[in-house]
Amino acid sequence: MVFPCLNEARTLPACIAEAKAGLAALDVEPEIVVADNGSTDESAAIAQSLGARVVHEPRPGYGSALWRAVREATGDVVIMGDADESYRFDQLAPFVQKVEAGADMVMGTRLKGTIDAGAMPRLHRYLGTPVLTVLVNLFFRTRISDVNCGQRALSRQAIERLDLRAAGMELASEMVIKASLAGLQIDEIPIHFRRDGRDRKPHLRSWRDGWRHLRFILLFAPNIVLIAPGIAALLMGAAVGGPAFLGHGRYRGAASFFGAALLLLGAQLVQVGVLVKTWYHVEGFYRRPYLDRVFRHVGLEAGLLLGVGMFSVGIIIGVPLVQAWRASVELEPARIAAALAFLVFGIQVVGFSVLMSVLGIRRRGP
Ligand SMILES: Nc1nc2c(ncn2[C@@H]2O[C@H](COP(=O)(O)OP(=O)(O)O)[C@@H](O)[C@H]2O)c(=O)[nH]1
Ligand SMILES: [Mg+2]
């Protein structure tokens with residue numbers, strides 16, 4: 001049992017007592033770990049006096065403390081839950097049973113369970129949690145009903161497989177997302193959620209932490225958020241601009257500029273998406289082994305060559321334009337758009353290749 005705990009002297013004793021009773025009913029070796037980083041009240045001393053092990057994590061944040069303590073816990077099943085009396089620790093059996101039945105991660109769900117009056121702010125109940133849950137389900141193919149629930153169980157295998165990095169509350173999302181990406185089995189249990197027993201505000205700040213979760217989810221889905229729209233824009237750009245560049249269509253002047261803009265926009269999105277994925281890989285935040293093969297087989301030179309090639313095509317299309325301009329002949333708009341598209345696209349590809357190769361250097365560095 002692991003409690004993330006920041007200044008919970010008021011509620012921690014009841015949580016530990018409840019967990020002790022809950023664990024005693026389970027016929028397992030009881031272990032209670034309190035994840036502390038910088039509590040300024042007596043939380044740590046209280047935990048120790050009640051027989052819990054306190055893990056002190058120097059880095060601040062819920063995520064840093066919780067994940068450190070989870071890794072230091074020794075049980076085959078690790079259950080976590082807030083130290084504010086909101087979750088019940090006298091009903092742990094279903095969590096353990098699900099893990100023993102093969103689940104790697106068992107999520108409590110408040111939304112399918114019971115929520116006491118006043119236990120969950122309306123903003124979280126009807127907006128924050130449902131929206132974040134739908135997004136995670138959509139992007140990462142999970143089927144959970146409460147992505148923010150703080151009561152969960154993890155199997156030993158899950159703890160070893162997951163390499164979590166988020167420092168703040170968004171660790172809750174990271175855990176679900178990475179578990180899903182790693183193909184771990186995620187189950188749910190409806191739970192009873194109580195009003196917390198604190199006399200002060202929660203640490204969680206709705207808008208700040210909600211946005212951190214949202215940002216985390218969006219940044220973690222570059223395929224859906226960046227690359228797919230980018231490819232769509234590229235295809236539309238080619239469909240709209242292609243014929244116009246070749247001199248077809250009644251509105252080819254307008255179509256060619258519109259097409260060129262879409263092509264550049266699409267290229268931009270795809271490139272940023274690929275850079276994001278590469279950065280995650282290089283940093284070890286989320287590894288995609290195929291990127292190592294890409295790095296091995298495709299070098300900076302290939303990208304530079306492609307970029308310079310496209311730039312040259314732009315020049316070739318553009319030269320007659322300059323000649324026409326000097327002879328005061330009217331310029332063909334589709335030709336201008338095509339020349340600009342190739343010139344800018346070419347430079348973009350050069351920039352992208354340089355950035356990719358810089359990331360590759362970091363990867364191989366010390
Ligand atoms: N160690 C540690 N625990 C934290 C931190 N922030 C929150 N917690 C604990 O995480 C749990 C959940 O926090 P809480 O404020 O209740 O958030 P909410 O239930 O999501 O509104 C509580 O047990 C807090 O004491 C932190 O920075 N460090
Ligand atoms: Mg709470």
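Predicted model: local features only at pLDDT ≥ 70, side-chain atom pairs only at ≥ 80, totals over all residues.
Let's start with one pair of residues.

Strand 5 covers residues 105-115, and strand 7 covers residues 186-193. How many bridges join strand 5 to strand 7? There are 7, and the two strands run parallel.

Strand 5 also pairs with strand 6, residues 152-155. Here we have 3 bridges, and the strands run antiparallel. To find one on screen, go to Val106, whose bridge partner in strand 6 is Ala153.

Now the helices. Take helix 5, residues 122-140, and helix 7, residues 171-181. Their axes come within 10 Å and cross at roughly 20°. That angle is under 35 degrees, so helix 5 counts as roughly parallel to helix 7. The crossing of helix 5 and helix 7 is right-handed. Who makes the contact? On helix 5, look at Leu132, Val136 and Phe140. On helix 7, look at Ser173, Val176, Ile177, Ser180 and Leu181. By class, the contact of helix 5 with helix 7 has 6 nonpolar residues, 2 polar ones and no charged ones.

Helix 5 has another contact, with helix 8, residues 206-219. The axes of helix 5 and helix 8 come within 10 Å, and the crossing angle is roughly 10°. So helix 5 is roughly parallel to helix 8 as well. Helix 5 brings Leu123, His124, Gly128, Leu132, Leu135, Val136 and Phe139 to this contact. Helix 8 brings Ser206, Gly210, His213, Leu214 and Ile217. Count by class: 7 nonpolar, 5 polar, no charged residues. Note Leu132 and Val136.

Next pair: helix 9, residues 222-245, and helix 10, residues 252-283. Do they run roughly parallel or roughly antiparallel? Their axes are 7 Å apart, and the packing angle is about 155°. That is over 145 degrees, so helix 9 is roughly antiparallel to helix 10. This crossing is left-handed. The residues of the contact divide into 23 nonpolar, 9 polar and 2 charged.

Last stop, the ligand. How many residues surround ligand 1? The shell has 20, and the closest are Leu6, Ala65, Pro202, His203 and Leu204. By class, the shell has 10 nonpolar, 5 polar and 5 charged residues. Where do they come from? Strand 1 (2-5), strand 2 (33-36) and helix 3 (62-72) each supply at least two.

That's the tour. Over to you.

Note on methods: Residues numbered from 1 in each chain as written. Chains lettered and ligands numbered in written order. Near = placed C-beta within 6 Å. Helix = DSSP H or I, 4+ residues; strand = E, 2+ residues; numbered from the N terminus. Nonpolar A, V, L, I, M, F, W, Y, C, P; charged D, E, K, R; others polar. Axes fitted to C-alpha atoms, helices over the stretch in contact; angles between N-to-C directions. Parallel < 35°, antiparallel > 145°, perpendicular 65-115°, else oblique. Left-handed = near helix turned anticlockwise from the far one by under 90°. Contact = placed C-beta atoms within 7 Å. Pairing = 2+ DSSP bridges.
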